[in-house]
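Work through the two exercises below with the model open. Each task is followed by a solution in steps.

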Amino acid sequence: MELIGWQSVPLWNALLLKFVFMMDGMKLQRICMLFFLFTSSVYVSGQELKNGTIDRKVLVQRHNFHVNNLDEQGPSQVGNGDFAYGFDITGMQTLHSRFSTMSNWSWHSERLPVGMSATDFKKTMINTNGRMVPYDLPNSDQALLTQWLQRNPHRFNLGRIGLWYKDENGEPLQQKHLFRADQYVDLWTSVVVSRFEIDGNPVIVTTVGDPNEDIIAFRIESSLVKEKRLGIFIEFPYASLEVFSNGSNYGKPDLHSTKLVSNKKGQVVFDRRLDSTKYQVVVNWTGNVEMKREKQHRYYIIGSDNNSLDYVVQFAPVGALPILPSYLAVKKRSERYWPTFWRSGGVMDFSGSKDPRWKELERRVVLSQYLTKLNTSGQYPAQETGLVNNSWYGRFHYEMILWHGAHFALWNRWSLLNKSLEVYQTNLAGAKERAKLQGYAGARYPKCTGPDGHEWPHPIHAFLIWQQPHPIFFANLDYRAHPTKATLNKWSDIISASADFLASYAVYDSVKKQYELAPPIVFVPENNDYYKDSSGAFELAYWRYGLKTAQQLIYNTNGKHDPFWEKIISSLEPIPVQDSLYVQWKNVSGMWNKFNYEHPALLGIYGLLPGDGIDSVIMKKTFHKVLAEWRFDTGWGWDFPMAAMSAARLGEPAAAIDMLLHGSPKNGFDIHGFVGGGNPYPYLPTNGSLLYAIALMVAGWDNDGRVSEPGFPKDGSWVIKWEGLKRAP
């Protein structure tokens, strides 16, 4: 039986009043007491349900979608978190070479400039609080090496697989040949069926990805198959060296090689080499087909004994040749795995709500779960565009690890987060070396890097700091989910190294007798003067939160407090205030007309963070000032969930909903659930931050008064049923 929510209280009020008038001789005081206890228990129970109560299949499948636009900006995707295949309305990469096949192991580096090595790079010495500190900044005296470090390593597109067709004039398949196209994406099973006509001939393509391996499978059904007019092509590019790209360069055929190493009945194997990078591609098929080389790096496969043909393709680093599963086996794996995923962890159902926006908000939540599972749940933290295409050469941002992954903890899907958090351990030695070289204690993690943890020369990368408390944030989430000594021991070295850096980074002001965060420094919005400004609002709050949390976690580990950490906590300067409003950083000039753009990070001090030492009156005034003055059209996708969390903690749930559904182009979720609007497209921190914020708003946070669904209005417009979510710190 479902628990009765607070929305049902008015009905029960009426029933109980009727009961009161019917009872003869019972004292009114006793009746009132019983009434109070009953309605109170109904209210606090909210809509949290026993796991398994919500029909998750119905919930998920009401957001299945059809794609009809032949030139949709974003791809449909299948994959597993470490591998993804993005495709167009044909169910393959037929019409658009911009769609990619990417893996977390598909990294490439071009050759170094002649006679140089990466260790030859000379760092730039910058006066930092009275001492000279080396930073990774562009070096004009080493321009070629600087450029090489900026763009290597980079992620690359493993290959393009599309439909092969020639019309009566010998033209390949183009949009003009397609009619009545409809693609149906079933989120529950991650099976995609694309139906269309090619010059009047019906075609059905079913696309599915393996939930564990770098495998995609297709079934093509059409009379054109038996006529040997319809098949598939596979084409291999060189890696792109552009900062934003689909990871492909088809214009440099002589810089890479494609070698056919095995061609037997039903299977072909390609050996691929891009400079020192090697991998293999295996293609299996059913039926009597022929494969032909169309041009360098491009092959096509056509023919069958009937109107249906199955293909299975695997991408893998060089190794033993696998025995590929059949198309049906891959499809069955997907049909087993994805329902298991949807039935795991948290869920929320808005369908009982009266607010007409419920379905759009629920759609965003469901699609964001699908996309983050596909793109951000793998071995490494995700790049901002996931496995769709390349941004920043395909590398991941350490400050974005929080937005990409923290939601998995609140949605009780820790296993999808745990693998990528290993970068804190694997790159700990390098982070310690970086801190030591710069004269700090502990570990200083990079800003933007690949799996090797190496930074590339850039002033924002050199001076950004808000990623430094992240390891402590994650350690706390892990301990909340798994409160054991084993969890503490797993994180203790990382916690200590991170907190040691936070403490040693703070600079003592002997006049004010307090610690500040001094330049050179880049704050969250990345629009301050790196060499002059100090003490960002979010950074101060996060430093204090990070050190206090580290202190508690280490105390839980060994029963000891670090006196230096405690000194910094007690003496760190307060959040900067001007005219009774919090501002982005200390002594900022023109806060509300010059710097009211990019990230409104000052809202994060009481939203993402619990607001230690925050004045609630000043915070509420600041929130409304931001609503009135901020240029949200310049923002980024995670700004809106961050603002929603602040609104929720401030007791303004209606504003929280408004922010999640804000109409800025930077917060527009397209048919696939992707967000762009001038940011890198797609911009997946939007999806991750939405999931973190909505979990906080539904399940609540520490010290929220145990109000049910504290981030939603209590006027009956929103009815939330949910299961399996965790409270936020």
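The exercises cover a cavity and a sheet. This is a predicted model, in which local features need pLDDT of at least 70 and side-chain atom pairs count only at pLDDT 80 or more, while totals for chains, interfaces and linings use all residues. Residues are numbered from 1 along each chain as its sequence is written, and side-chain values use heavy atoms, with hydrogens and water left out.

**Exercise 1.** Find which residues line the largest cavity.

Step 1. Five cavities of 30 Å³ or more are present (a cavity is a set of points on a 1 Å grid over the protein atoms alone where a 1.4 Å probe fits but cannot get out). The volume of the largest is about 60 Å³ (the space filled by probe spheres set on the points).

Step 2. Its lining (residues with an atom within 4 Å of a point) includes F65, P75, Y370 and H672.

Step 3. By class, nine lining residues are nonpolar, three are polar and none is charged.

Step 4. α7 (358–376) and β2 (76–79) each give at least two residues (DSSP runs: helices H or I, at least four residues; strands E, at least two). The largest share, four residues, is that of α7.

**Exercise 2.** Determine the strand order of the four-stranded open sheet and its edges.

Step 1. The order is β9-β14-β20-β19, with antiparallel pairing (at least two DSSP bridges between two strands).

Step 2. β9 (160–165) and β19 (290–295) are the edges: each has a single partner strand, so one side of each lacks a neighbour in the sheet.

Step 3. Six bridges join β9 to β14 (residues 230–235); I161 has I234 as its bridge partner in β14.

Technical notes
On a 1 Å grid over the protein atoms alone, a cavity is a set of points where a 1.4 Å probe fits but cannot get out, and a pocket is an open set with protein on both sides within 12 Å along at least five of seven lines; lining residues have an atom within 4 Å of a point. Ala, Val, Leu, Ile, Met, Phe, Trp, Tyr, Cys and Pro count as nonpolar, Asp, Glu, Lys and Arg as charged, and the others, Gly among them, as polar.
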